[in-house]
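Hello,

Here is the structure for you to look through. My notes on it follow below.

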Amino acid sequence: MRDGGRIAAAIEVLGEIEARHLPAHLALRRWGEGARYAGAKDRAFVSGLVLDALRRRRSIAWMMGEDSDRAWALGVLRFVWDWSVERLAAAAEETHGTGALTDAERARLADPTSLDDAPAPTRGDYPDWLDASLERVFGAARAMEGQALAARAPVDVRVNGLKSDAGHVLKALAPFGAEALALPAGAIRIAAPAASERAAPVEAAPAFEKGWFEVQDAGSQVAAAVAGEIKSRQVLDFCAGGGGKTLALAAAMGNTGQLYAYDSDARRLTDTVRRTQRAGVRNLQVRSPIDPKALDGLEGRMDLVFVDAPCTGSGVWRRHPDAKWRLSEQQLERRIAEQDAVLAAAAPFVKPGGRLVYVTCSLLAQENEDRVAAFAAAHPAFAPTPIELEGAQAWRTASGFLRLTPRSAGTDGFFVAVLGRER
């Protein structure tokens, strides 16, 4: 495919996402199934352009003076991918291209409307209805936080200490330009790909199949590290999902003690056994909700209960930019109710003197501080405990919780709170 055809395809996919309210990955898959002629580089180009347009659609629309899928795509190519107006014009007029640029498009591409006077949601590329929530957390910096959430994300991996070490994993991933991070320990990063390229295929590396590492955002690794010293302890991962943090907890335990993985949706646990076998985990029991007695006998026995709660996912918009435009106030209210319910359900498993770790990948106080406060008020045996994690002081909130964002930490957005149960 030539550039014109690729751009036209991206505009077509963006139109499908808008018209049918499809998640981006489904719309791209549908296009790919019908575009058998498209090669790997074509698909990477189209996918990259679609996702970048979704990341920055509001700011691009302001700069272009037009809120349309065509304007988003052209604006991204000019202002994000740094194409010249001449290159854009030539691509547009190619066979199978998007059609010649209009005089108005040429004018805006050459001299865009400044974002200086744009409202914060436009500068930060997020929906208007979230502005008050983000202002509550970030104040005048909320637009800058939004801009960081509109960037491409790197690929982070966690060294699996059960099978390897940082030196061996860095050597195995050297072809991808991997570099060790200062925090958390064992985190390695591969920079975000160039505009029209796919992310590094690290899971194709032989070291991955050997279980030497797992793909996991550094912020997620920090959240798991808050568990602290848990060797020889009894630990319950109450919302285990696909098992990412379960594996991090298992590595921290060094195959000592007992780790239980549970999730209210059995389907989310389907990959956990396979992943733990590859990782060399030997102290894990997967407890499926298919068995109504799956958690019987664990009440009041856990040194640590880890709750990676369902949330809006506002902290991972870099990776799922379409999600921010589908999110609604009604969805937020449903997530809040789920968070209250899961905290209440997890609490009985914490033994006296034990801890409950509450984690979301949301940046909204309604899902974070407010849920902790509501839980503590309803469960007087629990009290928030300031988090003491070496190197993480810059991410501590005034209340002693952790909040990581792409702007502050270079990671996905995460919130972490620890609540101790009194003896």
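The lining of the second largest pocket divides into 13 nonpolar, four polar and three charged residues. Here Ala, Val, Leu, Ile, Met, Phe, Trp, Tyr, Cys and Pro count as nonpolar, Asp, Glu, Lys and Arg as charged, and the others, Gly among them, as polar. A pocket is an open set of points, on a 1 Å grid over the protein atoms alone, where a 1.4 Å probe fits, with protein on both sides within 12 Å along at least five of seven lines; lining residues have an atom within 4 Å of a point.

This is a predicted model: local features need pLDDT of at least 70, side-chain atom pairs count only at pLDDT 80 or more, and totals for chains, interfaces and linings use all residues. Residues are numbered from 1 along each chain as its sequence is written, and side-chain values use heavy atoms, with hydrogens and water left out.

Of the 20 lining residues, A185, Q221, A225, A248 and A252 lie nearest the pocket's centre. Helix α14 gives the largest share, four residues (helices are DSSP runs of H or I, at least four residues, numbered from the N terminus).

The structure also holds seven aromatic pairs (ring centres of Phe, Tyr or Trp, its six-membered ring, within 6.5 Å; planes under 30 degrees apart are stacked, over 60 edge-to-face, the rest tilted). F45 and W83 have ring centres 6.2 Å apart and planes at 55°, so the pair is tilted. F45 lies in helix α3 and W83 in the loop between α5 and α6. Ring pairs link F45, W81 and W83 into a cluster.

Regards

Methods. Helix = DSSP H or I, 4+ residues; strand = E, 2+ residues; numbered from the N terminus.
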